[in-house]
Amino acid sequence: MTQPILVAYATNHGHTRLIAERIGAVLREAGQQVELCDLGSDSSDARPVDYAGVVVAASVHAGHHQSKAVHWSRVHAAALNALPTAFLSVSLTAADDSDEARAATRELIDEVSDDSGWTPTVTLPVAGALQYREYDFPTRVLMRLIAHRHHQPTDVSSDVDYTDWAAVERFATDFAARVGTAAADGPPIRS
């Protein structure tokens, strides 16, 4: 029996969980077994060595990815570096189609790698969502001010989803193929 793929995620308001669930669904459609793991949960004891590949998705808040995702990646860096892996960085910055935003997003992804010692096989910046209805009052006010400054919707009665779901699905399909190829090639040769 082949090992499953782990889709681990950290989320503040639930949007990254939705992205992880979609990735899991696409991987299953591609014939892979999948396990989802909430890295923010106290019971997240998933070990990468138990999987054929690992996808980690984490969102950006206050200029950094969730510390639980970075910590988990640091603890398991050696195992992650020996597998096909993917890192999805979920942020509103990724929704901005500018050179400055792309550079900022790349810097955030590189920060995770630098802080954890894990170099993902592939990465994907994913545009997140303004989840006004999920935010507490102070966060809603802050996000509305930021959205206004960037000429984004400020109606707090509805959420705004910037995620390119087709791109997420293509990424998951490509990752399923990458894991399949790695499994066919056998385990990595270690010296």
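This is a predicted model: local features need pLDDT of at least 70, side-chain atom pairs count only at pLDDT 80 or more; totals for chains, interfaces and linings use all residues.
Let's start on one side of helix α4.

Which residues of α4 are buried? They are Ala 101, Thr 105, Leu 108, Ile 109, Val 112, Ser 113 and Ser 116. These residues cover an arc of only 140 degrees around the axis, so they sit on the same side of α4.

What do the buried residues of α4 pack against? The list has strands β3 (53-61), β4 (64-65), β5 (85-91) and β6 (122-127). It also has helices α2 (67-75) and α3 (77-81).

Next, a check on length. Helix α4 has 18 residues, 99-116. At 1.5 Å a residue, α4 should span 26 Å. Its end C-alpha atoms are 26 Å apart, so the two agree. After α4 comes Gly 117, and the phi of Gly 117 is positive, near 85 degrees.

On to the strands. β5 and β6 run parallel, joined by six bridges. Ala 86 stands opposite Val 122 in β6. How does the chain get from β5 to β6? It crosses through α4, and this β-α-β crossover is right-handed.

Now the aromatic rings. How many aromatic pairs does the structure hold? One. The partners are Phe 87 and Trp 118, with ring centres 5.9 Å apart. Their planes are at 85 degrees, and over 60 counts as edge-to-face, so this pair is edge-to-face. Phe 87 is in strand β5, while Trp 118 is in the loop between α4 and β6.

Phe 87 has 1%, so Phe 87 is buried. Trp 118 has 0%, so Trp 118 is buried too.

Last stop, helix α2. Here Ala 69, Val 70, Trp 72 and Ser 73 are buried. They cover an arc of only 165 degrees around the axis, which puts them on the same side of α2. On the other side of α2, Ser 67 and Val 75 are exposed. The buried residues of α2 pack against β1 (5-10), β3, β4, α3 and α4. That takes us back to α4, whose own buried residues pack against α2 among other elements.

Notes. Residues are numbered from 1 along each chain as its sequence is written. Side-chain values use heavy atoms; hydrogens and water are left out. Helices (H or I, at least four residues) and strands (E, at least two) are DSSP runs, numbered from the N terminus. The expected span of a helix is 1.5 Å times one less than its number of residues. Buried means under 20% relative accessible area, exposed over 50%, partly exposed in between (1.4 Å probe, protein chains only). The arc is that of the directions from the helix axis to the C-beta atoms. Contact means heavy atoms within 4.5 Å. Two strands pair if DSSP finds at least two bridges between them. A crossover is right-handed if, with the strands pointing away from the viewer, the path from the first strand over the helix to the second runs clockwise. Rings of Phe, Tyr and Trp (its six-membered ring) pair if their centres lie within 6.5 Å; planes under 30 degrees apart count as stacked, over 60 as edge-to-face and the rest as tilted.
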